[in-house]
Amino acid sequence: MSLVIRNLQRVIPIRRAPLRSKIEIVRRILGVQKFDLGIICVDNKNIQHINRIYRGRNVPTDVLSFPFHEVTATHGLCHLLGFTHSTEAEWQQMFQKEKAVLDELGRRTGTRLQPLTRDLFGG
């Protein structure tokens, strides 16, 4: 299945081709080639933000892993429905819609997901 690698930080140089090759080897060793995998490299500030939202821990960490597609799909669908977050008022409306959807998804599936834009305007 697919492997997506995004480098959103500039502190540590990352060469995607060698990383992709090594990850594919690890996937074969573990027998998980049938799953889509996304790897996003971020700086300490951003991983601390995500760690605070999803784990309630306000510290940077080395890695977070979870089924992220529910959050990004919800965010994308809200945009397709006309929601935006260019201003604080627009963000407030979109955040409330995303939160309601993710809360209901969590109720039905036992997950705890929050919109990634939670602190966009100082939350």
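Student: In which helix is the place of Thr74?

Tutor: Thr74 sits in helix α3, residues 69–80. First, the ground rules. The model is predicted, so local features need pLDDT of at least 70, side-chain atom pairs count only at pLDDT 80 or more, and totals for chains, interfaces and linings use all residues. Residues are numbered from 1 along each chain as its sequence is written, and side-chain values use heavy atoms, with hydrogens and water left out. Helices (H or I, at least four residues) and strands (E, at least two) are DSSP runs, numbered from the N terminus.

Back to Thr74. Its relative accessibility is 9%, so Thr74 counts as buried. Buried means under 20% relative accessible area, exposed over 50%, and partly exposed in between, with a 1.4 Å probe and protein chains only. Set aside the neighbours within four places in sequence, and Thr74 is in contact with Glu98, Val101 and Leu102. Contact means heavy atoms within 4.5 Å.

The largest nonpolar core has six residues: Ile50, Ile53, Tyr54, Val71, Leu102 and Leu113. Three of them come from α2, the largest share. Such a core is a set of buried Ala, Val, Leu, Ile, Met, Phe, Trp, Tyr and Cys residues joined through side-chain atoms within 4.5 Å. In soluble globular proteins, nonpolar side chains tend to be buried together.

Now α2 itself. Its buried residues include Ile47, His49 and Asn51. Helix α2 covers residues 44–55, 12 residues, and at 1.5 Å a residue should span 16 Å; the end C-alpha atoms are 15 Å apart, which agrees. The expected span is 1.5 Å times one less than the number of residues. Gly56 follows α2, with a positive phi near 70°.

Asp103 pairs with Lys99, the closest N and O atoms being 3.2 Å apart. A salt bridge is a side-chain nitrogen of Lys or Arg within 4 Å of a carboxyl oxygen of Asp or Glu. Asp103 and Lys99 are four residues apart in α4, so about one helical turn separates them. Asp103 is partly exposed at 37% relative accessibility, and Lys99 is partly exposed at 25%.

Arg108 is exposed at 64% relative accessibility, while Glu104 is partly exposed at 27%. Salt bridges that share partners join Glu104, Arg107 and Arg108 into one network.

Helix α1, residues 16–30, includes Ile25. Arg27 is buried at 3% relative accessibility; Glu24 is partly exposed at 21%.

The protein has four helices and two strands. From the N terminus, the order is β-α-β-α-α-α. Of its 123 residues, 21% count as buried. The C-alpha trace spans about 45 × 35 × 30 Å along its principal axes. Among contacts between residues at least 6 apart in sequence, 49% join residues at least 24 apart.
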